[in-house]
Structures are given as C-alpha cells and as structure tokens.
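Reader: I am new to this structure and would be grateful for a close look at a single part of it. Please present that part in one connected account.

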Amino acid sequence: MPQTYTFQGRQVTMPVQVRDASSGAATFVVSAAAARRLIPTDAFEVCEIWPGRALCSIAAIEYRDNDLDEYNEVSIAFFVRERGAARGIPYLGTALDFVRGRVATYIHRLPVNAEFTCEAGRGIWGFPKTVEEIEIVKTERCCTCRLAVGGVHALTLALPRGGTRRLSDTTMVTLSLIDGVPHRTVFTSGGEGVGFRLGGADLVLGNHPIADELRRLGLPKRALTTMWVERMRGRFEPPERLRSAAP
C-alpha cells in the first residue's frame with residue numbers, strides 16, 4: 001500500500017500519528033441479527049458473545065494533536081471477525097478475546113466535524129467518515145458528546161470521566177472495505193488517566209435514522225462497560241488487503 005497520500009494539497013505519511021487525544025467508549029450487548037443487517041456479511045461476521053447477542057461500541061474522541069488535524073469524532077462499531085476465520089470455543093472464546101482486546105472491529109459509522117480528516121480517512125482506510133455536527137463538553141467528572149446530522153439530533157452519549165490507570169500500548173485491528181475489497185488496519189493505542197467501569201454510560205437517542213438503527217439493535221440500555229482515556233496516543237498503519245480477499 002502507498003506510504004504517502006495527498007489530500008487537499010497536503011501529504012499524509014504513514015503511519016498516521018495521534019499524539020494527544022481524549023477518548024470515551026461504551027460497549028453494549030445488542031441483537032446479533034440486527035447487527036448483521038448493518039455490516040457487509042459477505043466479508044465479515046458478527047462475533048456473538050452468547051447466542052443471539054453481539055457487542056456494539058459507541059465512542060467519542062477529541063483529537064487535539066494528530067497528523068489529520070484537530071477534530072471531534074463519533075464511532076459506532078461492531079466486534080467482528082473475518083468470514084471463515086477460526087472461532088475457538090463457541091461464545092467463551094469470543095468473550096475471552098474481547099477482554100484481551102483481540103477482537104477486530106468493523107466501523108459502521110464514523111462522523112467527524114472536519115473536512116480534511118474525513119477525506120483522508122475515506123481515502124486511506126475506507127472508513128465511513130462523514131462531516132457532521134459534533135459537540136463534546138467535559139466537566140470534572142463527565143464527558144458529554146452530542147451528534148447531530150443535518151441539524152437533526154442523532155444521539156447524545158454521556159460517559160464518566162477520570163481514572164488513574166495507565167494503558168500500555170496495545171495493538172488492535174479494524175476491518176473495512178476499500179473499493180469493495182476487505183482490508184485490515186492495525187492500530188496501536190495507549191494512554192494515561194484511564195478509567196474502566198461496568199455500566200456507567202447514559203445514551204439518549206434522537207430522531208435521525210442513525211438513532212433508529214440503534215433502536216433496532218435494542219438501544220438505549222445499560223452499557224456492559226465504559227472506558228475513559230484522558231491522554232490517549234496512537235498510531236494507524238497503512239491498510240492491508242486480507243489474504244482471503246479475491247484477487
């Protein structure tokens with residue numbers, strides 16, 4: 001894959017570095033059948049954590065120092081595997097891989113509030129970035145993110161802020177389609193000021209079709225877990241074509 005890309009007259013050299021950001025995420029147990037309707041099932045399959053139930057993550061990220069500029073981002077993602085990949089012990093294997101951070105994600109929606117990162121994210125990794133209205137407000141104990149699309153409220157996610165743990169750099173994988181071809185992107189993330197809780201999120205859905213998608217998944221409901229990283233760093237590698245992808 002190319003090591004240098006050009007967007008809007010600017011060069012982006014791989015890997016893309018994130019030097020400073022804050023990130024909060026809530027993970028929910030949702031309907032696996034509803035999740036399958038939102039992913040390309042010819043390439044990827046939803047990981048069921050128990051029969052009929054899958055995992056969906058909704059995250060809010062404030063990028064402050066990043067090769068793709070400063071911006072806010074909302075991620076709606078599912079935990080998936082490459083179609084045909086080994087599953088291990090049914091359900092138990094998925095649960096253990098989730099706890100260990102070994103399950104790949106497929107990003108269903110990735111709104112941002114800046115044009116450059118939108119163009120770069122779509123052009124490099126095939127991420128479904130769109131430019132929308134994203135407001136992130138932080139108090140001493142809480143981070144609240146509001147997403148609106150075309151002036152219509154889609155969702156508001158409130159997460160507990162704060163933590164004292166340190167997260168060592170961890171390698172993860174996200175799967176995507178580039179021109180219809182399955183790819184994997186390896187990214188590394190770590191940080192300080194990390195908090196991890198059971199439950200803890202407050203999700204309010206609006207009137208936009210994005211909110212309707214989330215309702216069909218069974219949301220809003222109590223989160224399985226929430227995680228906050230006050231000072232996050234990361235690195236995104238170039239995408240790699242999956243070996244199983246047809247030439």
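Author: Glutamate 73 and lysine 129 are both buried (buried: under 20% relative accessible area; exposed: over 50%; partly exposed: in between; 1.4 Å probe, protein chains only). Their side chains form a salt bridge, with 3.7 Å from N to O (a Lys or Arg side-chain nitrogen within 4 Å of an Asp or Glu carboxyl oxygen). This pair joins distant parts of the chain, since glutamate 73 belongs to strand E7 and lysine 129 to strand E9 (residues 129-131), 56 residues apart. Strands (E, at least two residues) and helices (H or I, at least four) are DSSP runs numbered from the N terminus.

The model is predicted: local features require pLDDT of at least 70 and side-chain atom pairs pLDDT 80 or more, while totals for chains, interfaces and linings use all residues. Numbering starts from 1 along each chain as its sequence is written, and side-chain values use heavy atoms, without hydrogens or water.

The whole structure contains 18 salt bridges. One of them pairs arginine 83 with glutamate 45, whose closest N and O atoms are 3.8 Å apart. Arginine 83 sits in the loop between strand E7 (71-82) and helix H2 (92-99), and glutamate 45 sits in strand E4 (residues 44-46), so this bridge ties together parts that are 38 residues apart in sequence. The two partners can be described in terms of their accessibility. Arginine 83 is partly exposed, at 41% relative accessible area, whereas glutamate 45 is buried, at 7%.

A further bridge connects glutamate 192 and arginine 233, with 2.9 Å between the closest N and O atoms. Here too distant parts of the chain are linked: glutamate 192 is in strand E14 (residues 181-198) and arginine 233 is in strand E16, 41 residues apart. Glutamate 192 is partly exposed, with a relative accessible area of 25%, and arginine 233 is also partly exposed, with 23%. Salt bridges with shared partners join Asp20, Glu62, Arg64 and Lys138 into one network.

Strand E16 (residues 225-236) also holds methionine 227, which is partly exposed at 30% relative accessible area.

Helix H3 is followed by glycine 126, which has a positive phi near 75 degrees.

Isoleucine 58, neighbours within four places in sequence aside, is in contact (heavy atoms within 4.5 Å) with residues that include Phe28, Ser75, Ile76, Leu157, Leu203 and Leu214. Leucine 155, in strand E12 (residues 152-160), is buried at 0% relative accessibility. Beyond four places in sequence, the residues touched by leucine 155 include Ile76, Leu203 and Leu214.

For the protein overall, there are 4 helices and 17 strands, and buried residues make up 54% of the 247 residues. Of the contacts with a separation of 6 or more, 70% are between residues 24 or more positions apart. The C-alpha atoms occupy a box of roughly 45 × 40 × 40 Å along the principal axes.
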